[in-house]
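My entries follow in the order in which I looked things up.

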Amino acid sequence: PAWNLWQMVQTQWRVGMALVGLDYAAIFKVAELHGMEMTPQIFRGLQTLEFDTLEEQSRKLENKE
């Protein structure tokens, strides 16, 4: 379920000079729209995917400098 929701929320990033993090309010709305119950396990899964994405972005930015 976390992966399915992850696929649906890829346009829900907060952005500064780079990705900052997911817009959690929007993610809860997307889950609700699709009839998904946001459980602690799904939320932790999303946070793990978010963290991995932000870490990958950070590595890419470091390599450009």
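Predicted model: local features only at pLDDT ≥ 70, side-chain atom pairs only at ≥ 80, totals over all residues.

**Entry: a term before I start.** I take helices to be DSSP runs of H or I with at least four residues, numbered from the N terminus. With that settled, I placed L61 in helix α3. I found L61 partly exposed, at 41% relative accessibility. I also checked how L61 sits relative to R14. The two are 47 residues apart along the chain, and their C-alpha atoms are separated by 17 Å.

Entry: The mean pLDDT of the protein chain is 94. I saw that 98% of its residues reach 70 or more. Which element has the lowest confidence, and which the highest? I found the lowest in α3, at a mean of 94, and the highest in α2, at 97.

**Entry: the overall layout.** I counted three helices and two strands in the protein chain. Starting at the N terminus, I read the order as α-β-β-α-α. Along the principal axes, the C-alpha atoms fill a box of roughly 45 × 20 × 15 Å. The chain has 65 residues, and buried ones make up 28% of them. Then I turned to contacts between residues at least 6 apart in sequence. Of these, 56% join residues at least 24 apart.

**Entry: helix α3.** I checked the length of this helix against expectation. Helix α3 covers residues 40-64, which is 25 residues. At 1.5 Å a residue the helix should span 36 Å, and its end C-alpha atoms are 36 Å apart, so the two values agree. Which residues of α3 are buried? I listed I42, L46, E50 and Q57. Next I asked what the buried residues of α3 pack against. I found α1 (2-8), β1 (13-15), β2 (19-22) and α2 (24-33).

**Entry: E50.** I gave this residue of helix α3 its own page. E50 is buried yet has no salt bridge. How far away is the nearest side chain of opposite charge? I found R14, at 8.7 Å. For a salt bridge I need a side-chain nitrogen of Lys or Arg within 4 Å of a carboxyl oxygen of Asp or Glu. I then listed the contacts of E50, leaving aside neighbours within four places in sequence. E50 is in contact with W6, W13, G21, L22 and Y24.

**Entry: D23.** I placed D23 in the loop between β2 and α2. Is D23 buried or exposed? I read a relative accessible area of 18%, so D23 counts as buried, since the cut-off is under 20%. Not counting residues up to four places away in sequence, D23 touches Q12 and R14.

**Entry: salt bridges.** How many salt bridges are there? The count comes to four. I wrote up three pairs.

- K29 and E32 meet through their side chains, N to O, at 3.9 Å. They are three residues apart in helix α2, so about one helical turn separates them.
- R59 pairs with E55, with the closest N and O atoms 3.9 Å apart. They are four residues apart in helix α3, about one turn of the helix. R59 is partly exposed at 45% relative accessible area. E55 is partly exposed as well, at 36%.
- K60 pairs with E56, with the closest N and O atoms 3.1 Å apart. They too lie four residues apart in helix α3, about one helical turn. I found E56 partly exposed, at 38% relative accessibility.

An α-helix has 3.6 residues a turn, so residues three or four places apart point the same way.

**Entry: T48.** I put T48 in helix α3. T48 counts as partly exposed, at 44% relative accessibility. How far apart are T48 and K60 in sequence and in space? I read 12 residues in sequence and 18 Å in space, C-alpha to C-alpha.

Note on methods:
Residues numbered from 1 in each chain as written. Heavy atoms only, no water. Expected span 1.5 Å × (residues − 1). Buried < 20%, exposed > 50% of the residue type's maximum accessible area, 1.4 Å probe, protein only. Contact = heavy atoms within 4.5 Å. Lys, Arg positive; Asp, Glu negative; His and termini not counted. pLDDT = per-residue confidence, 0-100.
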